[in-house]
Amino acid sequence: MIDRRCALLLLAATPVLARAQDTGGDPFGSLQWPGLRREFFGDAPVVFDERVQVRGPGFAEDPMNVPIGVSAAALADVQSLVVFVDRNPIRKVLELTPLAALPAISFRFKLEQASPVRAAARTKDGVWHVGGTLVDSSGGGCTVSGASRQDGSWAQTLGQVSGKVFDASPAPGVAGSRLRLRVMHPMDTGLVGGVPAFYVRQLALRDAAGTELLRLATFEPVSENPVFSFDFPGRVGPLHLSGSDNNGNRIDARLE
């Protein structure tokens with residue numbers, strides 16, 4: 001028979017145990033995970049996989065510009081790479097279709113509150129491989145206007161692109177290239193009073209022969225005037241970047 005003290009201890013522990021079960025085995029113990037899994041992956045198989053690496057700060061000093069690096073280069077046949085944030089009001093940050101690029105990207109994003117930041121890589125067999133990191137924050141990154149919106153300078157630079165290709169080896173003895181580019185855009189979330197959502201929606205990168213190297217879908221949580229870094233096996237360039245924002249403004253630039 002269980003004595004009264006043990007019964008009380010078990011009763012006190014029950015909500016904790018239930019909560020652990022409610023997270024669906026999530027390594028972060030996030031109550032949002034079961035809903036996120038349904039939202040992003042449906043009935044597709046999902047595994048937590050350390051080969052999907054997400055690198056970010058332990059604490060976001062500037063919640064409007066949180067640096068993050070994602071790589072699934074240790075996986076073969078990655079078809080898509082999705083980045084999302086459990087506790088952001090807008091959870092999906094971006095989706096990369098690597099095509100001829102490596103399944104890796106670095107950028108900055110807005111963080112509303114402390115949260116797991118995750119990346120999911122879909123391989124050719126249809127399995128989603130999920131990795132992540134926990135980023136603490138004082139919060140508010142999604143609900144404050146960016147600097148260019150506040151001073152009005154965004155209108156003078158909208159859609160301007162700058163970028164450069166560097167030699168960068170993805171592994172010792174292997175030739176490779178890295179493209180770092182910036183697109184000038186306010187990337188408004190729509191969560192600031194009187195400022196509707198206004199953000200870069202899609203980008204595509206092609207080589208000189210017109211072959212598409214990657215596609216990128218971006219969403220409101222990407223930081224203002226976003227800077228992206230992409231890695232490629234071998235050497236690339238010159239390049240052509242094209243895309244549009246959610247208001248139909250075109251982005252078009254040549255990069256060397």
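**Close-up views of a predicted protein model**

View 1. A pocket here is an open set of points on a 1 Å grid over the protein atoms alone, with protein on both sides within 12 Å along at least five of seven lines, and a lining residue has an atom within 4 Å of a point; grid points are joined across faces, edges and corners, and the volume is the space filled by probe spheres set on the points. Of the 16 residues that line the largest pocket, S71, L102, A104, R178 and D231 are the closest to its centre. Strand 4, strand 7 (104-109) and strand 14 (227-233) are the elements that give two or more residues to this lining, and strand 14 gives the most, with four residues. Strands (E, at least two residues) and helices (H or I, at least four) are DSSP runs, numbered from the N terminus.

Two notes apply to every view. Residues are numbered from 1 along each chain as its sequence is written, and side-chain values use heavy atoms, with hydrogens and water left out. Because the model is predicted, local features need pLDDT of at least 70 and side-chain atom pairs count only at pLDDT 80 or more, whereas totals for chains, interfaces and linings use all residues.

View 2. S71 lies in strand 4 (residues 66-71), and S71 counts as buried because its relative accessibility is 17%, where buried means under 20% relative accessible area, exposed over 50% and partly exposed in between, with a 1.4 Å probe and protein chains only. Not counting residues up to four places away in sequence, S71 touches R51, V52, Q53, R55, P103 and A104, a contact being heavy atoms within 4.5 Å. A polar atom of the side chain of S71 lies 3.3 Å from the backbone nitrogen of A73.

**View 3. Strand 9 and its partners.** Seven of the ten residues of strand 9 (residues 128-137) are buried, so that this strand is mostly covered. Two strands pair if DSSP finds at least two bridges between them. Strand 1 (residues 46-48) pairs with strand 9 in the parallel sense over three bridges, and V47 stands opposite H129 of strand 9. Strand 3 (residues 59-60) also pairs with strand 9 in the parallel sense, over two bridges, with A60 opposite S137. Strand 8 (residues 115-123), in contrast, pairs with strand 9 in the antiparallel sense over eight bridges, and R122 has W128 as its bridge partner in strand 9. Four residues lie between the strands in the hairpin of strand 8 and strand 9, where G126 takes a positive phi near 90 degrees.

**View 4. The nonpolar cores.** The largest nonpolar core has 44 residues, and those with the most contacts inside it are F228 and F230; such a core is a set of buried Ala, Val, Leu, Ile, Met, Phe, Trp, Tyr and Cys residues joined through side-chain atoms within 4.5 Å. Strand 5 (residues 78-85) gives the most to this core, with four residues. Leaving aside its neighbours within four places in sequence, F230 is in contact with residues including L96, A104, I105, L179 and L214.

**View 5. E112 in its loop.** E112 has its place in the loop between strand 7 and strand 8, and E112 is buried, because its relative accessible area is 18%. With neighbours within four places in sequence left aside, E112 is in contact with R87, N88, P89, G139, G140, G141, C142 and T143. The side chain of E112 makes a polar contact with the side chain of T143 at 3.3 Å, where a polar contact is a pair of N or O atoms within 3.5 Å; within protein, one must be able to donate a hydrogen and the other to accept it, and residues adjacent in sequence count only if both atoms are side-chain atoms.

**View 6. The largest cavity.** A cavity is a set of grid points where a 1.4 Å probe fits but cannot get out, and the count comes to one cavity of 30 Å³ or more. About 80 Å³ of space lies in the largest cavity. Of the 14 residues that line the largest cavity, V144, S145, M187, D188 and T189 are the closest to its centre.
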